[in-house]
Amino acid sequence: MTRSSTVRRAPLLALYATFVFAFIYLPIVVLVVYSFNRDGVGGFPPRHFTLGWYTVLFADSSIWNSVLNSLIVAAASVALSLGLGLLAALALDRAGFPGKSLFRRLVLLPLILPGIITGLSLLMFAVFSGLHPSLATVFLGHATALISVATTELFAGLQKLDRAQEEASLDLGATPWQTFWRITLPNLKLSLIAAGLLIFTLSMDEIAVTFFLIGRDNTLPLEIWARLRRGITPEINAISTLIFVSSVALLVIWYHLRARSLGARSPEFLEQLGETS
Amino acid sequence: MSAFPANPPQELPAKSAALLELRNVAKRFAAVDVLKNISLNIASGEFLTLLGESGSGKTTVLRLIAGFAQPSSGEIWMSGERLDLLPPYKRRVNTVFQNYALFPHLSACDNVAYGLRVKNTPTSEIAARVEEALRMVKMQGFAASRPARLSGGQQQRIALARALVNRPRLLLLDEPLSALDANLRKQMQGELKSLQREIGVTFLFVTHDQEEAMALSDRIALLRDGALEQVASPREIYAHPATAYTAEFIGQTNLLRGEIRGGMVTCGALRWPSDEADGAVIFSLRPEAIRICADDKRQPSEVRFRAAVRQQFYGGSSELLEVDCGNGQTLRVRVPVGGPLAGEQDFVFSLCDPTRVAE
């Protein structure tokens, strides 16, 4: 009975799933395919395979300047948000202080706050404090908005850490500072890398906050957006394809690291180890 | 002007032979008295075991000595130095943790070297001492292995080497064998004991296993609900338990509750003469003190009684009987292995066997 009903329902379910996946991924497929189409974005079906748009792209210095800007902003944001996020996560994990639950909420707030609010308020802050919108303000904006991501990831990492290891370190004569550098941080390595990759990816394609804070130097998403206003060219498809490929690569790495850091101390994992050794 | 030196040695502990001294140590956690006024001396080179049920406070004692917790009141002294005011990393005490707490990102060798490295020991000395420590626990072949690659027993050895390489004055061992299976456990007990004899380091060993405590210790400190019940050598504590709790916790016993009246002890069906004062009494009578009596010769120094065998548990080297002396009074009797026993038997124990214990 159950079996026959699942068999009856399965084709519909499969069809539904196909539609959902098509809805999500077909536009990306189209984007990638047309980056290799000689006749540009017009015309169906695509004809005349070419790598010409990639040649055009590689010669386009303003695109590459914006890529460089984005990389600088992303790298700096990773450094600052990981640094501050680690401190916040440590405070949440081990310090007891009045207003801790309020602090937790405030730290995590930017995660759900609309980018437009973050961007606008940071712009006003920049204006009040006499900062000119530039890559520096963009970097501050990204780092501020992404501290919450770093805090969440690192807090999860700290929660999994076996505190007896830190006690063992103190017991063996290491100062709290030595213990932090030699035991706590190495144990957080996977969480740090995972959080870093996630923040890097989020910063690379951030538009809303960036839009309010940008000066004369465009980041890549804003450069693409600016060009779209003048009409779409396959060169945009080409750079978008490259972004897509590198984003997927980063996310795959992030996913694997996360699975490793989650699974490394699980009982099943240890059992398997015990059986093989 | 005084003729005495300006700094009289007032701060020295009363007994200078003690390596470690707990003076009236108490610990409260959230309005619960985990430890109540513990005073205990540990002599240099001694193997002292803190024995107790889970929740008796034995691990808390270790954590206070290691410095992971602060006593609510009282003082801890080590070799004439106040220990409880020092942070954990300044105490010359090392711990073998219950689940070893090895550093997973470091090899066995780096785990052992850790304590020496953080104290900036010269590299050549580190290499020599780590090798010596690994040899001591027979783990030379595993220097490069990560902890996850080692078995429980091997991790245990590395944890031991990691602590001993620092040449602590006092080694704290928190139920170090509880995670091992029975056979390995027996083997490690033997190795631990001979290692302690060999290097002469003072061991403070925590366990809930009374057999383990008896087999290894010079002295046992029995903890009950955060207070010391009795501190004595295994032989002393077994032969002369101070309280009913101790008598039942260490080994098996029969607790005989009764009274003394007019020079006669009466505990149910059992009666024997005594010159102690009248009043309620509890005696501990070990099962092996009772024998089956085959002949009819009555000795004045013995107490005879008749009882029915209810149960017989075969134990390989001996058998445990549960016998009924009438009126529901049951006793446990350990006898040499013989044939099956049934029905009424004559039993006997010597007058000097029952040990009077406090409630």
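Predicted model: local features only at pLDDT ≥ 70, side-chain atom pairs only at ≥ 80, totals over all residues.
View 1. Axes are lines fitted to C-alpha atoms, for helices over the stretch in contact, and the angle between two of them, taken between N-to-C directions, runs from 0 to 180 degrees. In these terms, helix 6 (residues 135-160) of chain A and helix 9 (residues 189-204) of chain A have axes that come within 9 Å and cross at roughly 155 degrees. Because angles over 145 degrees count as roughly antiparallel, helix 6 of chain A is roughly antiparallel to helix 9 of chain A. The crossing in which helix 6 of chain A passes helix 9 of chain A is right-handed. From helix 6 of chain A, the contact draws on His142(A), Leu146(A), Val149(A), Ala150(A), Glu153(A), Leu154(A), Ala156(A) and Gly157(A), while helix 9 of chain A brings Ser191(A), Leu192(A), Ala194(A), Ala195(A), Leu198(A), Ile199(A), Leu202(A) and Ser203(A). Sorted by class, the residues of this contact of helix 6 with helix 9 of chain A are eleven nonpolar, four polar and one charged.

**View 2. Helix 7 and helix 8 of chain A, with their contact residues.** Helix 7 (residues 163-171) of chain A packs against helix 8 (residues 176-187) of chain A at an angle of about 140 degrees, and the axes of the two are 10 Å apart. Helix 7 of chain A and helix 8 of chain A are therefore oblique to each other, and their crossing is right-handed. On the side of helix 7 of chain A the residues are Gln165(A), Glu166(A), Ser169(A) and Leu170(A), which meet Thr179(A), Arg182(A), Ile183(A) and Thr184(A) in helix 8 of chain A. The contact of helix 7 with helix 8 of chain A comprises two nonpolar, four polar and two charged residues.

**View 3. Helix 2 and helix 3 of chain B, where the two axes cross.** In chain B, the axes of helix 2 (residues 108-118) and helix 3 (residues 123-136) come within 10 Å of each other and cross at roughly 130 degrees. The two helices of chain B are therefore oblique to each other, and the crossing of helix 2 and helix 3 of chain B is right-handed. Helix 2 of chain B contributes Cys109(B), Val112(B), Ala113(B), Leu116(B) and Arg117(B) to the contact, and helix 3 of chain B contributes Ile126(B), Arg129(B), Val130(B), Ala133(B) and Leu134(B). Eight nonpolar and two charged residues, with no polar residues, make up the contact of helix 2 with helix 3 of chain B.

**View 4. The contact between chain B and chain A.** This contact takes 19 residues from chain B and 17 residues from chain A. On the side of chain B that touches chain A, strand 6 (93-96) and helix 2 of chain B each supply at least two residues, and helix 2 of chain B gives the most, with three residues. By class, this side of chain B holds ten nonpolar, six polar and three charged residues.

**View 5. The four-stranded open sheet of chain B.** Four strands of chain B, in the order 2-1-4-5, form an open sheet with antiparallel pairing. Strand 2 (32-43) and strand 5 (81-82) of chain B stand at the edges, each with a single partner strand, so one side of each is left without a neighbour in the sheet. Strand 1 (residues 18-29) of chain B runs antiparallel to strand 2 of chain B, and eight bridges join the two. Leu22(B) stands opposite Leu40(B) in strand 2 of chain B.

**View 6. The five-stranded open sheet of chain B, and the domains of the chain.** Chain B is assigned domain 1 (18-241) and domain 2 (252-357), and the centres of these domains of chain B, taken over C-alpha atoms, are separated by 40 Å. An open sheet of five strands in chain B has the order 13-12-11-14-20, and its pairing is antiparallel. Its edge strands, strand 13 (270-273) and strand 20 (355-357) of chain B, each pair on one side only. On average, neighbouring strands of this sheet are turned by 35 degrees against each other, direction ignored. Within chain B, strand 11 (residues 254-261) and strand 14 (residues 279-285) pair in the antiparallel sense over seven bridges, and Leu256(B) stands opposite Phe283(B) in strand 14 of chain B.

Definitions and conventions. Residues numbered from 1 in each chain as written. Chains lettered and ligands numbered in written order. Parallel < 35°, antiparallel > 145°, perpendicular 65-115°, else oblique. Left-handed = near helix turned anticlockwise from the far one by under 90°. Contact = placed C-beta atoms within 7 Å. Nonpolar A, V, L, I, M, F, W, Y, C, P; charged D, E, K, R; others polar. Domains from an automatic or database assignment. Pairing = 2+ DSSP bridges.
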